Amino acid sequence: MGSFPDNGVPGSPVDGPAPAAPPGLGARFKRDLGIGLKSGLQTFWVLARVMIPAYGATLILERLGVIEWLARAARPLMALLGLPGDAAVPLIVGYVLNIYAAVGSMQALGLSSRQITVLAIAILIGHNLLVEGAVLHKAGMNGFSFGALRIVAGLVAAAVANLLMGLVR
Amino acid sequence: MAELLRTFVTGSFDLLLRVFLIVVPIMVVLELFEGTRPFRAVVRAWARVVRHVGLDERSAAPTLIGFLFGLAYGGGIIVRDVRRHDLGRRQVFIMSTFLSMVHAIAEDSLVFIALGASIFWVVVYRIVWAALVTLALGAVAAMVVRRFRR
């Protein structure tokens with residue numbers, strides 16, 4: 001790097017504000033590529049460290065039968081969304097695992113398209129709560145509170161959508 | 001038990017590979033184009049939209065990445081920018097709330113649209129809902145902070 005008298009800070013960190021007079025295009029490309037790779041790897045490492053334990057915990061919860069137990073507890077709630085009790089299974093599967101697993105267990109239920117839409121709203125707002133909660137935690141937020149927020153807000157959004165769809169018809 | 005371990009190892013590998021293949025290219029592309037005019041124009045246009053839920057220009061880029069690609073990836077960039085730009089707690093809270101309600105708009109929505117869900121409810125309604133929840137919680141958080149400081 002050349003010297004920038006107007007920059008004022010010799011040896012300032014590379015990821016600080018861009019210097020007033022840019023170096024050559026090739027040099028800048030190389031520098032940015034390097035910074036990008038470095039911050040990409042750093043971010044990857046941060047995410048890996050929180051996601052893998054969360055993923056392990058998820059597998060254990062599934063193995064312990066926690067999903068089945070929660071789904072049984074959530075059955076009565078489903079009526080509020082205009083859904084059959086069995087719809088609690090994909091919902092809980094989505095909360096603990098992810099949307100792909102939830103879709104897998106939705107396929108067997110034979111829901112109407114309105115019911116699919118309502119359930120989709122709840123699952124799209126709340127899913128993969130352990131892994132994504134871990135990421136939010138890393139960003140400095142409380143992963144548990146955000147998990148609770150996503151469950152509640154998702155259920156309310158789905159209930160409101162169900163009511164509105166009833167009005168339109 | 002051995003089967004659980006095997007699932008964990010292969011699942012972890014899949015997860016890591018997916019994160020690696022998305023995060024590293026996003027970061028490189030972001031770093032290469034962050035200073036360019038078209039990128040700034042896109043971010044500025046997006047910033048004009050998300051300004052309405054209380055996000056400033058520095059929060060616009062991580063929010064856009066999360067909105068398009070997913071919470072984990074957007075979260076990763078939030079983690080980076082919190083360090084780099086010293087994003088305030090309020091900004092991180094608002095971003096997290098918004099992205100909690102809606103993220104990976106194309107990928108996640110398409111999975112359910114393929115199953116037969118209505119595109120209007122899954123996309124448009126969800127974005128409107130996310131904006132309302134973010135506004136409401138942003139206001140509540142501001143109130144709590146004000147009371148707390150007194």
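**View 1. N128(A) sits in the loop between helix 5 (113-125) and helix 6 (129-138) of chain A.** Helices here are DSSP runs of H or I with at least four residues, strands are runs of E with at least two, and both are numbered from the N terminus. The model is predicted, and local features need pLDDT of at least 70, side-chain atom pairs count only at pLDDT 80 or more, and totals for chains, interfaces and linings use all residues. Residues are numbered from 1 along each chain as its sequence is written, while chains are lettered from A and ligands numbered from 1 in the order in which they are written. N128(A) is not a glycine, yet its phi is positive, at about 50°. Most residues other than glycine have a negative phi. N128(A) counts as buried because it has 28 C-beta neighbours inside 10 Å. A residue is buried with 20 or more other C-beta atoms within 10 Å of its own, the C-beta atoms being placed from the backbone.

**View 2. A104(B) lies in the loop between helix 5 (89-101) and helix 6 (105-115) of chain B.** This residue, A104(B), has a positive phi of about 45° and is not a glycine. A104(B) is buried, since 21 other C-beta atoms lie within 10 Å.

**View 3. Chain A has seven helices and zero strands.** Along the sequence, the pattern of chain A reads α-α-α-α-α-α-α. Of the 169 residues in chain A, 39% are buried. Among contacts in chain A with a separation of 6 or more, 59% join residues 24 or more positions apart; a contact requires C-beta atoms, placed from the backbone, within 7 Å.

Notes
Buried ≥ 20, exposed ≤ 12 C-beta atoms within 10 Å, placed from the backbone. Contact = placed C-beta atoms within 7 Å.
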